[in-house]
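User: I am new to this structure and would like to understand the terms used for it. Could you walk me through them?

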Amino acid sequence: MRDFSYSRATSADQARQAAIQSGAMLLAGGTTLLDLAKCGVFEPEAVIDITHLPGFSDIEMDAAGARIGALAKMGEVADHPAIRANFPAVSESLLLAASAQLRNMATVGGNLLQRTRCPYFRDPATFPACNKRSPGSGCSAIGGVTRNHAVLGTSEACIASYPGDLAVALVAFDASVDLGGRTVLADEFFLTPGDRPDRDTVIEPGEMIAGIVIPASPAAKNSTYLKVRDRQSYEFAAASAAVGLELEEDGRTVRDIRVALGGVATKPWRARAVEQALVGKALDAASVEKASRLAMEGAVSHGANRYKIELAPRVVARAILQMGGLA
Amino acid sequence: MTRTVHLSLEINGKTRELDVEPRVTLLDALREHLELTGTKKGCDQGQCGACTVHVDGKRVLSCLTLAAQVEGRQIATIEGLAAENGDLHPVQAAFLEHDAFQCGYCTPGQIMSAVACIREGHAGSDEEIREYMAGNLCRCGAYNSIVAAVREAAEAA
Amino acid sequence: MTIMETRTKQGDASDGALGGRFSRLDGKLKITGGATYALEHPVEGLAYAVLVQSTIAAGRVVKVDTTKAEAAPGTLLVVTPETDLELKVASDWYGNRPDDQPYHPLPREVAFNGQAIAAVIAETLEQATEAARLVEVTYEETTAVASMDSPNAGEGKLVDQFNIAWGDAEEALAASPLRIEAEYSTPREYHVPIEPHGLTARWDGDRLTIWEPSQWTHGMARSYAELFGLPDENVRLLSPFIGGGFGSKAAVYAYGAVAAAVARRLGRPVKLAVTRPQNFTSYGGRAATRQTLELGANSDGILQAIVHRGASETSTYADFPEQTSAATPLMYAVPNFSSEHRLVPANTVMPGALRAPGKNPSAFGLECAMDELAYAAGVDPVEIRLRNYAEHDPQSGKPWSTRQMREALAAGSEAFGWAKRSFEPRSMRDGRQLIGWGVGCGTFPVLRAASEAMIRLLSDGTVEVVSGAIDMGQGTYTILAQTAAEALGVPVGQIDVRLGDSSLPGATVAGGSMLAGAITGAVHKAATAAREELIGLALNDANSPFRDTGANTLTVTDGRIAVPRGDGPSLTVAELMSATGRDLIETRRNTLPEADQGPEGHKRAWTTMTAIQGPTAGDYSMYSWCAHFVEVRVDEDFGTIRVSRIVSAFDCGRIYNPKLAESQWRGGIIMGIGQALLEEGLVDGRNGRVINNNLGDYLVATNADVPHIEVISVGIPDLNASVLGGKGVGEVGIVGVAPAIANAVFHATGKRVRDLPITLDKLI
């Protein structure tokens, strides 16, 4: 880690001002910043600790939905009764992420800004070429070991997958990110790499995540987050799905369905084609399995990650069938 | 010269003063500056749990925490767990009885994690203990005994 | 309070101190943070060294620009291939040493990606870490062989000493009515001790002190001495606690030489901590292997022939064979046998010994193949092992010293409920979970070596056991206290054990599961001598109350000395020492034969591996054995595998402390779960980089991956194997686990996965 200065922000405005300075970075839970600083990916000159700012950790729930302060810890949000009751997928996505220790450290705001786990991104000393670190330098992952790389939303410049879980649930339930001056839908907050893989999100210099807003809905209330991986715990997803389901009074026709995928795409991936194929239809195993395959429209593999194209629809299907009481 | 900051840390109920660079992690502050080497460095990347300590009663990884960040917080390490008179904490005693370690290197992290796991109410079943202790890797493979020790200490708590 | 359901009365002598379920002697230090591991030893005036590793697989370092690193705050020294560290090549494990050959631990020639090529020493760890990042290296790259799987790797070279053959295997195979042929492979695997490697080196004049985790204090001290051309006694290596080794901490590596050399150059003690990513290439893990097995049998599944062709990856600059035929000729009776092993050089760090080297991948092949044969013959997998039971060692022809393999299969089957297994694959399920049961057997040789120990009886009745042997978690501290207690007749609680210091009496390496057998023999011998001296003192000293009892011998029980008939005086050891005015009884004994007594014999025994005797050196063939029974649950849609139940039965001879032995067995089994399902070094074919060189990407089993594991001892004391009847415990536990899991996966899914690890992508 390079030498940096440390200061504690005294107010959100002061933090935003300080963060505009070249080389400055905001420090929340530290689990991404310090990790990547040790890898040599981040080289902050000034670290501004925002964890002592009051008022950014509250979790509030009303009829319209939940508002979660950006500095609320992953563990606190996961265990919050209102979140568990109204957004099970959100709670589960958090509990299935990282470890208990990391969830006590990492904030939900920081979690949204988590960077990819692409091993080429994380090893600048060995792999100078990385368009996500330095645009135009090339992509070391293409042609390398790609088992955990994305199959959706990739470009010729970058195939790094988005590693997080929470954002997958947020995207499914139309949550938005409060950036102080503006609010952006979570789905639009994250960017696919295109020719600018260095930009993971729409956040601009001087902006800071203030909180997350999740609208209440019957589908969000009847939701789950299913995460599949080789290791039982403490591993990123091979594929995951956040699914919410609302049925008509007949108990079988789909009124509302939300599907988003993790571990397979360059950003948290809303699978609207799957949703559209099932809305208004009676839920049964065959139609769910068929519809789930639509999640992989446009998928491109780079060798060892081909299995994700087969796996992800199965994860989606299982999650939908579970919520429909059919699995 | 690199810049240093003066820190005053509350560790195991005692105030410890030190001058370190801002980039010094809590883990390195404990091990390299304060002779509190019970907290272990296994990966220095947040991937093994050996460096687990408590900050304001919550288990966290000291390798991904700046020392400067926790000024004003209450820090607890393995050295502060047993009573002043040397009586072992129930989790420590259960680890010894159940042989919940071999080489002992991940053990302080396991114990600090276990104490928090019980306090959080996440030691209700073997399955729950396994999941909530999954952030502490043990390469010697003492997991069965760790589960037994946590379960016993939780039942006694 | 014990939760183990293991039979503790089997294979031990549980009426005495030895064989008891004692908690770890060093336990309290470890649970309080009081155990000081190597890098934690406080040393005044430390400087910090950080390595710089190569980022190419093959070529030359043409330039190292140290300008920025040297200008960085706190930098004291930067060493590169340009720097002559004034070192000489030290002996290998067998004592072979080229004459006066310079050693360059930071070589100009790059043989693998991740090779140490420079180091930065600075005032603080942070400064050294950052300055190391600023070192700029220019390479001239040459074509590399990234791994043994690379197109340009070739077939490798045949290792003649591993050619094993009897009968006419090819002909018998051709004539066999049942034949199976399959290729099995295992990837690079890593030790991943949770304590990373590293050391602190301090010079006091021409004396060097090293604090470094070590499985072999004497062997490594000798290496350091030779690097610097010092007499052995000028180097002291301290290693009272080791945070896991598994075979990786028994040698001096390049980083150690660098740290000691720069400490000398700077005139300051230097601490060098190898970072976790650097650990993956600072020393070798288990080599990747592949092997083809052809089994021929009659229609009942009785083996007629085995034809085995194996290979393991090695480095381009030195060889380490991971012998795929290590278990193949031993496990089953077979009249015709042929095996060959090749070494395939690649641009990798030289592989090393990782828990049960050879035996482990070898058993993976053979035990999977036996399962395949069982299915080809329509015979239960346990039954086929019994039908092919080897009544003697098929390779050496010698009788087994002890082999409780039938008992292991029987006890394991019984406890697991194997009789209820349905033969057909895919015949057991729970919803979307396919359930499978598999069996796999394992073995590890009894290696015998000599060691030395000292017993010190102090005036307060305390007993010290002193040896340069080490405890990396296998329980040496504890079982030596038990051994001394048993031989001396004093309570275990009265005994202190000092280990892990090369200035203490010599001991063999803690590897190959041989240390316990070796060092308990030495301690037993020294303690018996101390007891005799104590009794002699009691009988003969003018001030002893026993002098006039007329007894010609005395008993020592529970720390009290008494006459055998019980009607005379009874004194504690302390009381006798006080009465006779003695403040110390000290005995030092070793288990070397008479011919090897003397400095040369001792040096050979304590600092080389040449004096180690193999399993068939005597009249018998001596091995530990085990059988693992595994249940897996496989999600049929996702291909995820969870091990839900394991029962393992072991024949490791006499067990000195069942509580600790059970921990080691479970540890081996758990490492086997990781090997079967998770662990794999991923190599980038373009530059030979191990790209998952961290614990977030190289996955080892977590607590959540491990079910309750029932372990059973079926061993009986084997006095050919060791003085006290134990065979080896530490290594055998992992052998046979991966095939048992692979066989269970087949039973669950009907799919044979023959290349480890069995990840979900291979099942969907």
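User: What makes a residue pair between chain B and chain A count as a polar contact, and how many are there?

Analyst: A polar contact is a pair of N or O atoms within 3.5 Å; within protein, one must be able to donate a hydrogen and the other to accept it, and residues adjacent in sequence count only if both atoms are side-chain atoms. Between chain B and chain A, 16 residue pairs are in polar contact, with both residues at pLDDT 80 or more. This is a predicted model, where local features need pLDDT of at least 70, side-chain atom pairs count only at pLDDT 80 or more, and totals for chains, interfaces and linings use all residues. Residues are numbered from 1 along each chain as its sequence is written, chains are lettered from A and ligands numbered from 1 in the order in which they are written, and side-chain values use heavy atoms, leaving out hydrogens and water.

User: Why is the pair K38(A) and D44(B) called a salt bridge?

Analyst: The term asks for a side-chain nitrogen of Lys or Arg within 4 Å of a carboxyl oxygen of Asp or Glu. In K38(A) and D44(B), the closest N and O atoms are 2.9 Å apart, so the pair qualifies. The count between chain B and chain A is two salt bridges.

User: How do you know which residues belong to the contact between chain B and chain A?

Analyst: Contact means heavy atoms within 4.5 Å. By that rule, 35 residues come from chain B and 35 residues from chain A.

User: What does "bury" mean for these two chains?

Analyst: Buried area is the accessible area (1.4 Å probe) that two parts lose on being put together, summed over both. For chain B and chain A that comes to about 2,700 Å², with 51% of it on carbon and sulfur atoms. On the chain B side, R23(B), L64(B) and Q69(B) lose the most area to chain A, together 24% of what that side buries.

User: Where do the domains of chain C come from?

Analyst: Their bounds come from an automatic or database domain assignment. It gives domain 1 (38–143 + 192–282), domain 2 (164–172 + 285–446 + 616–762) and domain 3 (451–607). Domain 1 and domain 3 of chain C have C-alpha centres 39 Å apart, and the contact takes 21 residues from domain 1 and 20 residues from domain 3.

User: Why does R236(C) with D501(C) count as a salt bridge too?

Analyst: The closest N and O atoms of R236(C) and D501(C) are 2.5 Å apart, so this pair also meets the salt-bridge cut-off. Between domain 1 and domain 3 of chain C, the count is two salt bridges.
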